[in-house]
Amino acid sequence: MTPPPASRTARNRRADARRSRTSILDGAIQLLNDRPDASVEAIAAAAGVTRQTVYAHFPSREQLLTAVLDRLTERTVAAMAAADPDSGPPAEALLRVLDAAEQTAGAYPALVRLLGTLPMSPPDDAERHAPVTALLERVVRRGQASGAFDDRLPTDWLVTATIALAHAASEQAEGGRLSRRQARDVLRTSVLRLLGGD
């Protein structure tokens with residue numbers, strides 16, 4: 001049965017709105033990494049939409065930046081999931097997942113710094129990190145169950161500490177105190193020592 005024309009029109013409008021929103025966020029990710037102070041007009045031009053379209057989706061710059069943060073988090077989680085966290089030795093799986101996260105978010109250092117200035121309550125931050133936490137928790141639990149990781153410390157603590165170490169390594173690289181390669185190596189060594197892995 002063919003849906004009525006009004007229903008098809010509404011569906012097409014929703015699809016157009018989703019495409020516009022995606023274009024705005026993807027354009028903003030690229031542009032804001034090169035030019036963190038870029039205007040809404042510049043973001044609209046990069047996305048191939050009008051300024052009014054940007055404001056229709058994101059009434060303020062802060063709302064736009066928050067949505068950009070969510071989009072970048074989605075990309076990072078997708079890369080981590082694609083790193084196959086459930087196969088192979090747990091230590092290798094964990095390092096693959098951390099590398100995937102660093103390669104995705106690490107490709108946008110200026111944008112990450114800009115997004116770090118957003119006001120964020122602890123509950124909001126925890127909710128945003130929830131998919132990342134869940135992926136890491138799967139690997140850590142698997143490692144603890146197999147004896148590859150120390151099971152004397154709570155899993156939640158080990159995951160939280162791993163995330164904190166990843167942020168610290170990223171900050172060291174962004175601040176020029178370590179090269180990206182050094183930050184990666186330091187993170188790997190620190191996390192494996194934390195978990196008691198080889």
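# Legends for close-up views of a predicted all-helix chain

View 1. The chain has 9 helices and 0 strands, where helices (H or I, at least four residues) and strands (E, at least two) are DSSP runs, numbered from the N terminus. Read along the sequence, these elements give the pattern α-α-α-α-α-α-α-α-α, and the C-alpha atoms fill a box of roughly 60 × 50 × 25 Å, taken along the principal axes. This is a predicted model, in which local features need pLDDT of at least 70 and side-chain atom pairs count only at pLDDT 80 or more, while totals for chains, interfaces and linings use all residues. Residues are numbered from 1 along each chain as its sequence is written, and side-chain values use heavy atoms, with hydrogens and water left out.

**View 2. Two annotated spans.** UniProt, in an unreviewed entry, places the feature "domain: HTH tetR-type" at residues 18-76; UniProt positions are given in the numbering used here, feature names are shortened, and annotations may be inferred rather than shown by experiment. In the model, residues 18-76 are 81% helix and 0% strand, and the end C-alpha atoms of this span lie 20 Å apart. The unreviewed entry also places a "DNA-binding region" at residues 39-58, a span that is 75% helix and 0% strand, with its end C-alpha atoms 13 Å apart.

**View 3. The largest pocket.** About 1,000 Å³ of space lies in the largest pocket. Of the 35 residues that line this pocket, the closest to its centre are Ala105, Val112, His129, His167 and Ser170. On a 1 Å grid over the protein atoms alone, a pocket is an open set of points with protein on both sides within 12 Å along at least five of seven lines, a cavity is a set of points where a 1.4 Å probe fits but cannot get out, and lining residues have an atom within 4 Å of a point. Grid points are joined across faces, edges and corners, and a volume is the space filled by probe spheres set on the points. The largest share of the lining of the largest pocket, 8 residues, comes from helix 8. By class, this lining has 19 nonpolar, 8 polar and 8 charged residues, where Ala, Val, Leu, Ile, Met, Phe, Trp, Tyr, Cys and Pro count as nonpolar, Asp, Glu, Lys and Arg as charged, and the others, Gly among them, as polar.

**View 4. The second largest pocket.** This pocket has a volume of about 200 Å³, and among the residues that line it are Glu62, Asp70, Pro119 and Arg128. Helix 4 gives the largest share of the lining, 5 residues, and by class the lining has 3 nonpolar, 3 polar and 6 charged residues.

View 5. Helix 5 (90-105) and helix 9 (180-195) each supply at least two residues of its lining, with helix 5 giving the most, 4 residues. The lining is made up of Leu95, Leu98, Asp99, Glu102, Arg184, Leu187 and Arg188.

**View 6. Helix 8 against helix 9.** The axes of helix 8 (residues 155-174) and helix 9 come within 9 Å and cross at roughly 160°; axes are lines fitted to C-alpha atoms, for helices over the stretch in contact, and angles run from 0 to 180 degrees between N-to-C directions. Helix 8 and helix 9 are therefore roughly antiparallel to each other, a term that applies to angles over 145 degrees.

Key. Angles under 35 degrees count as roughly parallel, over 145 as roughly antiparallel, 65 to 115 as roughly perpendicular and the rest as oblique.
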